[in-house]
Structures are given as structure tokens and as C-alpha cells.
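Hi,

Here is the structure I promised to send over. Have a look at it first, and then read on for what turned up.

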Amino acid sequence: MQIREYRDTDNLQWVRCRVLSFLDSAYFDNVLKEKEHYSNDSIELVAVKDDIIVGLIDIEYETVKGTVCYYSNELGGVMWHLAVLPEYRGRGIATSLLNEAIKFLKDKHINKIEAWTRDDKWVNDWYKNRGFNFRKQYLHIYSEGNECSKIIDSKINNLFICNCFAHYLGDDREEIKKKFKRVHECNLYELIF
Ligand SMILES: CC(C)(COP(=O)(O)OP(=O)(O)OC[C@H]1O[C@@H](n2cnc3c(N)ncnc32)[C@H](O)[C@@H]1OP(=O)(O)O)[C@@H](O)C(=O)NCCC(=O)NCCS
């Protein structure tokens with residue numbers, strides 16, 4: 001297995017790896033049709049086995065404090081994508097991708113990574129087991145049909161809101177969870193190295 005920088009010709013395989021890797025996670029319907037690109041500097045690595053991309057990591061990082069990270073105490077990077085195909089998991093591929101990215105970032109005098117993730121216990125454990133510390137939580141709410149009217153009313157005649165996605169940043173998280181069928185906790189982790 002080889003870890004190398006992402007190339008433009010990797011786009012299709014990158015998208016396939018990300019979509020397939022997220023299918024069994026709380027991000028199962030967060031589908032991208034093209035790889036994301038960043039306005040700031042970034043480290044974008046892929047893990048390749050038999051010419052197939054089996055894992056990926058993207059970290060956008062700062063040259064000016066507070067331009068990418070949530071917390072602006074020091075220069076840092078945000079891990080926007082981390083994924084390993086299900087059949088290649090548990091072999092240290094994500095850990096190797098993270099370690100390679102950390103080596104690169106240290107050379108750029110970046111000593112912090114932030115990562116947002118939803119409520120899959122196994123993924124939260126992955127972060128904690130690699131030294132990431134929990135910093136903050138808010139909620140992602142997906143509402144369907146009649147549930148949408150709890151959030152918003154249509155202002156246009158005969159136009160009905162069928163789906164609604166919302167962020168909840170308040171403190172009554174347990175109440176919100178009771179009101180809607182699909183609510184995800186979204187957790188911010190921070191790794192200092
Ligand atoms: C999180 C993820 C990237 C880890 O990839 P990985 O290559 O299996 O990770 P590693 O091999 O480096 O580490 C394996 C660890 O995950 C655990 N693990 C959890 N679920 C696993 C699974 N289905 N298969 C294998 N290992 C699993 C292992 O027990 C091991 O635990 P440890 O922390 O005690 O060492 C991968 O599970 C994934 O793609 N998840 C879906 C996408 C996602 O949620 N991305 C991040 C959030 S945005």
C-alpha cells in the first residue's frame with residue numbers, strides 16, 4: 001500500500017472511495033460528485049493499493065490564524081475528509097494517512113488539527129484513540145414531511161417543504177432530539193502535536 005499526494009487524475013477514484021466509505025456511516029447521504037478543493041493551502045493524500053484508492057485524507061491549513069479553524073488560538077488545519085473503504089479498514093490505513101499528514105504539517109509549523117464528525121461511536125473512538133480531544137458539539141437535524149413545519153412555513157402558495165436540514169447550536173439538545181426522528185450530534189475534536 002502506497003501513500004502519496006492526490007493528483008487531478010484521481011478525481012473519479014477519490015469520489016468512489018469517499019462515497020463507498022461513507023455509506024455505513026452517519027454521513028451516508030453526504031454524497032459529493034467531485035472532489036472538494038480549498039481556498040487555503042492543503043495537504044491531500046491518498047492510500048493506493050493495486051491501483052485503487054482505498055483511503056484518503058484532506059486537511060486545509062492556515063497561514064493566518066482563524067481563517068480555517070474554529071478556534072483561532074494558534075495556526076492549525078481542519079480535516080475535511082478522512083475515509084477508508086470498508087474492506088480495507090482496521091489495517092492502520094487511516095492512521096498512516098494521519099501520520100503522513102502530521103509530518104507534512106509539522107514542517108509547515110502547524111501543530112494542531114481540528115476534525116468534525118457525527119455520532120458513529122467507532123469513528124469517535126478512532127479519533128479519541130489517536131489523541132484527539134473532544135471540544136464542542138452541536139446538532140444536525142434532517143426533517144421530512146410534516147416535521148418540516150416545526151422549523152419553517154412555506155411563504156409561497158402551493159409550495160410545500162418536504163425536506164429540511166438545520167443546525168442547532170443551543171443548549172436544549174435533548175429536547176431537539178425528541179422532536180425529530182433524525183438528529184445527529186456533530187462533534188469537534190482537536191489534536192495538538
Ligand atoms: C474512521 C476510518 C477512517 C478509520 O479507518 P481505518 O483505516 O480502519 O483506521 P485504522 O486502521 O487506522 O484504525 C482502526 C481502528 O478503528 C477500529 N474500527 C472501527 N470500526 C472498524 C471497522 N469497521 N473495521 C476495522 N476497524 C474498525 C479498529 O478497532 C481500530 O481501533 P483502535 O482505535 O483501537 O486502533 C474508517 O472507519 C472510515 O472510513 N469510516 C467512515 C468514514 C468516516 O466516518 N470518516 C471520518 C469522519 S468525517
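Let's start at the ligand: one of its oxygen atoms is 2.6 Å from a polar backbone atom of Gly92. Keep in mind that this is a predicted model.

A polar backbone atom of Val84 is 2.8 Å from a ligand oxygen, and for Arg91 the distance from a ligand oxygen to a polar backbone atom is 3.3 Å. On its own, the ligand would expose 900 Å², and 75% of that gets buried by the protein.

As for where to look, the ligand sits in the largest pocket. Around it there are 20 residues, with Leu82, Gly90, Gly92, Thr95 and Arg130 being the closest. By type, that shell splits into 11 nonpolar residues, six polar ones and three charged ones.

Which elements each supply at least two residues of the shell? They are helix H1 (11-22), strand E4 (77-84), helix H2 (93-107) and helix H3 (121-129). H3 gives the most, with five residues.

Now zoom out to the whole chain. You'll find four helices and eight strands, and going along the sequence they come in the order β-α-β-β-β-α-β-α-β-β-α-β. The C-alpha trace spans about 55 × 40 × 30 Å along its principal axes. The chain has 193 residues, and 44% of them count as buried.

Cheers

Note on methods:
Residues numbered from 1 in each chain as written. Predicted model: local features only at pLDDT ≥ 70, side-chain atom pairs only at ≥ 80, totals over all residues. Heavy atoms only, no water. Near = heavy atom within 4 Å. Polar contact = N/O pair within 3.5 Å; in protein donor to acceptor, adjacent residues only side chain to side chain. Areas by Shrake-Rupley, 256 points an atom, 1.4 Å probe, with all protein chains shown as cover. 1 Å grid on protein atoms, 1.4 Å probe; cavity = no way out; pocket = protein on both sides within 12 Å on 5 of 7 lines; lining within 4 Å. Sits in = over half its atoms within 2 Å of the grid points. Nonpolar A, V, L, I, M, F, W, Y, C, P; charged D, E, K, R; others polar. Buried < 20%, exposed > 50% of the residue type's maximum accessible area, 1.4 Å probe, protein only.
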